[in-house]
Amino acid sequence: LMGDYLNAFEKYGNDYNIICVCLTSKFSASYNTALMAKEMYEEDNSDARITVIDSEQISLSQGLLIKEMKKMIDSGMGYDEIVSKTELLKKSGRVMFTIGTMEYLNRGGRIGKLALLLASKVLVRPIIVFKDGDIGADGFSLGRKKSINKLIDKIIGYFKKQNKNIEDYELAVGYGSDIEEGKKFLEIVKEALKLLS
């Protein structure tokens, strides 16, 4: 809500320069809401220094972006350089995942009823990639175990194809509702990524 942003700006704006990092604007109105709150605050506080950034990320990857920003602050980097580097860094974020059920994609309007019906009948599971602020399918697999294996292949393939050094990246594993499956997946990822070290 705009009031939440405005309250935060009022609480900290007189003593600190603020960088407000919002969830991707393609999924949430938080970015536009924060911009409106910033404008309102600055009407009476012209000396305030507030930058609102569309992270182009979602929960897990946005958290990693914030973590990198904290490192920049701790290193003594200046405000403008932090903003500039964050704008570049946010473009490198990727979230790759698969799902156990298509139900939530249907609820979110991401797939049609016909696709949901077909997927549920043949147990098709999409490999989903979130990048550049939006989400899309990057292949399909039959069944949960195969979809997880294909997801691992996609992660490994990304680093190989882009000729990226995995040591230069911060990686995280998230889960939706099954923490035990999340822990098992973390171990699978750790083993798989040893191939890139």
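**Salt bridges and a charged patch**

Student: How many residues apart are Lys 38 and Glu 42, and in which helix?

Tutor: They are 4 residues apart in helix α2, residues 30-44, so about one helical turn separates Lys 38 from Glu 42. Keep in mind that this is a predicted model.

Student: What do the side chains of Lys 38 and Glu 42 form?

Tutor: They meet in a salt bridge, with 3.2 Å from N to O.

Student: Is Lys 38 buried or exposed?

Tutor: Lys 38 counts as buried, because its relative accessibility is 18% and the cut-off for buried is under 20%.

Student: How many salt bridges does a search of the whole structure find?

Tutor: The search finds 11. One of them joins the side chains of Lys 90 and Glu 87, at 2.7 Å from N to O.

Student: And how accessible is Lys 90?

Tutor: Lys 90 has 6% relative accessibility, so Lys 90 counts as buried. Glu 87, at 31%, counts as partly exposed.

Student: Which residues are linked with Glu 87 and Lys 90 in a network?

Tutor: Glu 56 and Lys 91 are linked with Glu 87 and Lys 90 in a network of salt bridges.

Student: Going to helix α8, which residues does the helix cover, and how are Lys 183 and Glu 180 placed in it?

Tutor: Helix α8 covers residues 179-193, and Lys 183 and Glu 180 are 3 residues apart in it, so about one helical turn lies between them. Their side chains also meet in a salt bridge, with 3.8 Å from N to O.

Student: What are the accessibility values for Lys 183 and Glu 180?

Tutor: Lys 183 has a relative accessible area of 46%, so Lys 183 is partly exposed. Glu 180 has 45% and is partly exposed.

Student: Different topic. Which residues form the negative surface patch?

Tutor: The negative patch is formed by Glu 10, Glu 39, Glu 43 and Asp 44.

Student: Where does the largest share of the patch come from?

Tutor: The largest share, 3 residues, comes from α2. That is the helix that holds Lys 38 and Glu 42.

Student: Where is Glu 10, then?

Tutor: Glu 10 sits in helix α1, which covers residues 2-12.

Student: What is the relative accessible area of Glu 10?

Tutor: The value for Glu 10 is 46%, so Glu 10 is partly exposed. Patch residues need over 30% relative accessible area and no salt bridge.

How values were computed: Residues are numbered from 1 along each chain as its sequence is written. This is a predicted model: local features need pLDDT of at least 70, side-chain atom pairs count only at pLDDT 80 or more; totals for chains, interfaces and linings use all residues. Side-chain values use heavy atoms; hydrogens and water are left out. A salt bridge is a side-chain nitrogen of Lys or Arg within 4 Å of a carboxyl oxygen of Asp or Glu. Helices (H or I, at least four residues) and strands (E, at least two) are DSSP runs, numbered from the N terminus. Buried means under 20% relative accessible area, exposed over 50%, partly exposed in between (1.4 Å probe, protein chains only). Patches are made of residues with over 30% relative accessible area and no salt bridge: like charges are joined within 9 Å, nonpolar side chains (Val, Leu, Ile, Met, Phe, Trp, Tyr) within 5 Å. Accessible areas come from the Shrake-Rupley method with a 1.4 Å probe; for residues, only the protein chains shown count as cover. Lys and Arg count as positive and Asp and Glu as negative; His and the chain ends are not counted. The place of a charge is taken as NZ of Lys, CZ of Arg, CG of Asp or CD of Glu.
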